[in-house]
Amino acid sequence: MCSARGCRAAAVWALRWNNPRLHTPERRKTWLACPEHRTSLGDFLDARGFLREVAALPGSHTLEA
Ligand SMILES: [Zn+2]
C-alpha cells in the first residue's frame with residue numbers, strides 16, 4: 001500500500017532513502033508509492049537529498065491498477 005498520507009492505493013514503487021543525520025550510510029528506509037504519488041514522494045525525498053534509489057516492486061506489473 002502507498003505510503004502517502006491518506007492514500008490507500010496499491011503501491012507499485014519502492015523508494016529507498018537514507019537520512020544521514022539519523023541513519024548509518026548503509027541503512028535504507030523504504031516508502032511505498034502508488035503511480036500517482038511516486039513523483040511527489042520522490043521529490044520530497046530528493047529535495048532533502050535523502051533519495052537513494054527507486055525500484056519497481058516485484059510482481060507489480062499491474063501499473064494501471
Ligand atoms: Zn498514493
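Leaving aside neighbours within four places in sequence, H23 is in contact (heavy atoms within 4.5 Å) with W17, N18 and K29. This is a predicted model, in which local features need pLDDT of at least 70 and side-chain atom pairs count only at pLDDT 80 or more, while totals for chains, interfaces and linings use all residues. Residues are numbered from 1 along each chain as its sequence is written, and side-chain values use heavy atoms, with hydrogens and water left out.

- H23 is found in the loop between β1 and β2 (29–33), where strands (E, at least two residues) and helices (H or I, at least four) are DSSP runs numbered from the N terminus.
- Because its relative accessibility is 11%, H23 counts as buried; buried means under 20% relative accessible area, exposed over 50%, and partly exposed in between, with a 1.4 Å probe and protein chains only.

**The sheet**

- Three strands form an open sheet in the order β2-β1-β3 with antiparallel pairing, two strands being paired if DSSP finds at least two bridges between them.
- β2 and β3 stand at the edges with a single partner strand each, so one side of each has no neighbour in the sheet.
- β1 and β2 pair in the antiparallel sense over five bridges, and W17 stands opposite K29 in β2.
- A14, found in strand β1, counts as buried because its relative accessibility is 0%.
- A14 and L32 are 18 residues apart in sequence, yet their C-alpha atoms are 4.7 Å apart in space.
- Leaving aside neighbours within four places in sequence, A14 is in contact with residues including W31, L32, V54 and A55.

**Aromatic rings**

- The structure holds three aromatic pairs, counted when ring centres of Phe, Tyr and Trp (its six-membered ring) lie within 6.5 Å, with planes under 30 degrees apart taken as stacked, over 60 as edge-to-face and the rest as tilted.
- W17 and F50 form a stacked pair, at 6.0 Å centre to centre and with 20 degrees between the planes.
- This pair links distant parts of the chain, since W17 lies in strand β1 (residues 13–17) and F50 in the loop between α1 (38–47) and β3 (51–56), 33 residues apart.
- Both W17 and F50 are buried, and together with W31 and F44 they form one aromatic cluster.

**Charges over rings**

- The charged end of R48 sits over the ring of F44, 3.7 Å from its centre; the criterion is NZ of Lys or CZ of Arg within 6 Å of the ring centre and within 35 degrees of the ring normal.
- R38 lies over the face of W13, at 5.9 Å from the ring centre.
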